[in-house]
Amino acid sequence: MINNNQNPTFVDLNQRLSPHFTLGEMLRSGRAIQLNIDNMPGEKSSPFEASYTDVVENLKALSMNVLEPLRQQVGRVIITSGYRCQELNDAVGGVANSQHLRGEAADIHVTTRELLDKYTRVLLKTDFDQLILEPVNSPVTRWLHVSYKRSGKNRHELIDKR
C-alpha cells in the first residue's frame with residue numbers, strides 16, 4: 001500500500017524482484033545501520049531521487065535484466081549496496097547524480113581478480129548501462145558497480161577505476 005505522496009506505508013522486504021533477489025537485499029545497507037539512516041525510498045530530497053514506486057520498478061528491471069543472468073551463470077551473488085537514499089549516498093561519498101538514488105544500480109561484492117573477471121565476462125553479455133570496477137586506487141577490487149536504466153538506451157559503458 002502506498003499513500004498519496006508515494007511514501008511506503010508498508011514495505012514487504014521479502015518481495016521478489018526476480019527469482020533470486022528480494023527488495024530487502026536491495027534496500028539493506030550496513031553503513032545505513034551504522035549511521036542510523038532510514039534507507040527507504042519515499043520523499044525525494046534531491047532532483048536525482050525517484051519515487052518509491054519508480055525505485056521498486058527500477059530495482060526489478062536491474063534484477064531481471066542484469067543481476068539474475070549473473071546469478072544464473074555464477075551462483076550466489078552478494079549485493080553490498082543497492083538503493084541509497086540521499087542521506088546515505090552523501091555519507092558514503094556517492095556522486096550527486098548516482099544511479100543508486102533511483103534504484104538503477106547495485107554494488108556486487110568481489111573477493112578475487114578471478115571472480116571479477118568471471119562476473120565481468122557474464123555481465124558484458126547483458127544490457128547493462130554501466131559496469132564500474134571499483135574502488136579507485138585500490139590494489140584489490142572489492143566491488144563491482146553495475147547499473148541498468150528502464151528508460152532510454154543503456155550505454156554498455158565499462159569503466160575501470162582500479
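A pocket, as the word is used here, is an open set of grid points with protein on both sides within 12 Å along at least five of seven lines, and its lining residues have an atom within 4 Å of a point. This model is predicted.

Start with the largest pocket. It holds about 700 Å³ of space. Its lining counts 26 residues. Nearest the centre lie Arg84, His100, Asp107, Glu134 and Trp143. Several elements give two or more residues to this lining: α2 (30–35), β3 (79–81), β4, β5 and β6. By type, the lining splits into six nonpolar, 13 polar and seven charged residues.

Now turn to the core. In soluble globular proteins, nonpolar side chains tend to be buried together. Here the largest nonpolar core has 37 residues. Leu67, Ile108 and Leu144 have the most contacts inside it. Two or more residues come from each of α1 (23–27), α3, β4, α5, β5 and β6. Helix α3 gives the most, with ten residues.

Leaving aside residues up to four places away in sequence, Leu144 touches Ala106, Asp107 and Ile108, among others. Its partners also include Leu116, Tyr119, Thr120 and Leu123.

Conventions
Residues numbered from 1 in each chain as written. Predicted model: local features only at pLDDT ≥ 70, side-chain atom pairs only at ≥ 80, totals over all residues. Heavy atoms only, no water. 1 Å grid on protein atoms, 1.4 Å probe; cavity = no way out; pocket = protein on both sides within 12 Å on 5 of 7 lines; lining within 4 Å. Points joined across faces, edges and corners; volume = space filled by probe spheres on them. Helix = DSSP H or I, 4+ residues; strand = E, 2+ residues; numbered from the N terminus. Nonpolar A, V, L, I, M, F, W, Y, C, P; charged D, E, K, R; others polar. Core = buried A, V, L, I, M, F, W, Y, C linked by side-chain atoms within 4.5 Å. Buried < 20%, exposed > 50% of the residue type's maximum accessible area, 1.4 Å probe, protein only. Contact = heavy atoms within 4.5 Å.
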